[in-house]
Amino acid sequence: MLRLFVLFASLLSIALISIQTHASNNGTAACETLPEPFRQLATMTLDPAVGNPPQTGLCHRVANAEKHYAKEADDKAIQELEKYIAGVSKRSGKFIGESYAAALISEAERVVSIISGNFEPETLAINGGVFGFNDKAPIGGAIVNVSFIESGSTFTATTDSNGLFSISDLTEAGVYVVDVTTQDGRTGSAQGSLLETENTSSVLVTVDAAGSSAIYGTVYDESGLPAPAALVTAIFPDTDRKYSTISSSDGSFALTNVHGDGTLILVGFKNDTGASGSTTGVLSSYSSQITRNLTITAPQTVNAEFLNSNFENGLEGWSTEGSVTLIDRNLVFTTPDSGN
């Protein structure tokens, strides 16, 4: 049976591509742009809360599982994920915080259930954890607000003593933003996506004391009109800090209490059209506030009927620009089975 993967546009994937050199130097390039159902597990594995080692080895496990799954070798994909779970368990408490390790294992087990056909979703749910940015310690009693960007619906939860939360019995899916406030005033935000086909999403948020910088701007579509309900995320590649928000009805956005940590990548994404765009900027003690507008463009259809999906006939059926060469995936992604 041929599996056709519909690539759901992911803001974080775009951001990771933008800072590919930074991540690739850590040996984790194989995890950067994996499709569902592996995307969330890969994103969680790339989080700085996972030490390196074992981050690189765990990343290769996820990439190996995706490769086997794409070839319909489900048993081998599950074996890789079981090795991933064993690797996380072995390093829990030493290289990975215990609560974070539990969240990684839970997400890996969810992917296993999907591959094995035992996944029986009953209701839509978002699960996650809140941790300190510097010490990665779990934060109990934090207020978690989840807002869906298309509908504007907001749901609230409180983390338990292990820093974990769950929002269940949801009636909608889509891209969402999580805003967290702790009892001692620390804040943090993150973004994620809840797919109806999988019914459960996991997200991890790090919190820190408020910074003194701010980023303002407006999101425009390709015709120059304001783009409301767009996901906007600022990524600081040097410190791995991320801030997310949603553009208002007039397309404007504001990211406040930001730590001005140097170069930033600002990315905009519209879930209903797949339109995206990015720009860059710099924040410092000398320039603590900046304005950056974003123009987002919808992707063009390059293969409307999805012909020659495995490129067995070269580039037949695909539209290309410039010089395009097909190369073996294994030449780009080194995913040895012996990786830890």
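How many disulfides does the structure hold? The structure, which is a predicted model, holds one disulfide, and this bond joins Cys31 to Cys59. The points below take up that pair, and then turn to Ile149, a residue in the loop between strand S2 and strand S3.

**The disulfide**

- The sulfur atoms of Cys31 and Cys59 are 2.4 Å apart, S to S, in the disulfide that joins these two residues.
- The torsion about the S-S bond of Cys31 and Cys59 is about 140°, and the disulfide is therefore right-handed.
- Because Cys31 lies in the loop between helix H2 (20-24) and helix H3 (39-45), while Cys59 belongs to helix H4 (residues 55-70), the pair ties together parts that are 28 residues apart in sequence.
- Cys31 has a relative accessible area of 2% and is buried, and Cys59, at 0% relative accessibility, counts as buried too.

- Ile149 is placed in the loop that runs between strand S2 (143-148) and strand S3 (154-158).
- With a relative accessibility of 3%, Ile149 counts as buried, because the cut-off for a buried residue is under 20% relative accessible area.
- Although Ile149 and Tyr176 are 27 residues apart along the chain, their C-alpha atoms are separated by 5.5 Å.
- When residues up to four places away in sequence are not counted, Ile149 touches Val175, Tyr176 and Val177, and also Ala229, Leu231, Ile246 and Asn271.

Conventions. Residues are numbered from 1 along each chain as its sequence is written. This is a predicted model: local features need pLDDT of at least 70, side-chain atom pairs count only at pLDDT 80 or more; totals for chains, interfaces and linings use all residues. Side-chain values use heavy atoms; hydrogens and water are left out. Helices (H or I, at least four residues) and strands (E, at least two) are DSSP runs, numbered from the N terminus. Buried means under 20% relative accessible area, exposed over 50%, partly exposed in between (1.4 Å probe, protein chains only). Contact means heavy atoms within 4.5 Å. A disulfide is a pair of cysteine sulfur atoms within 2.5 Å.
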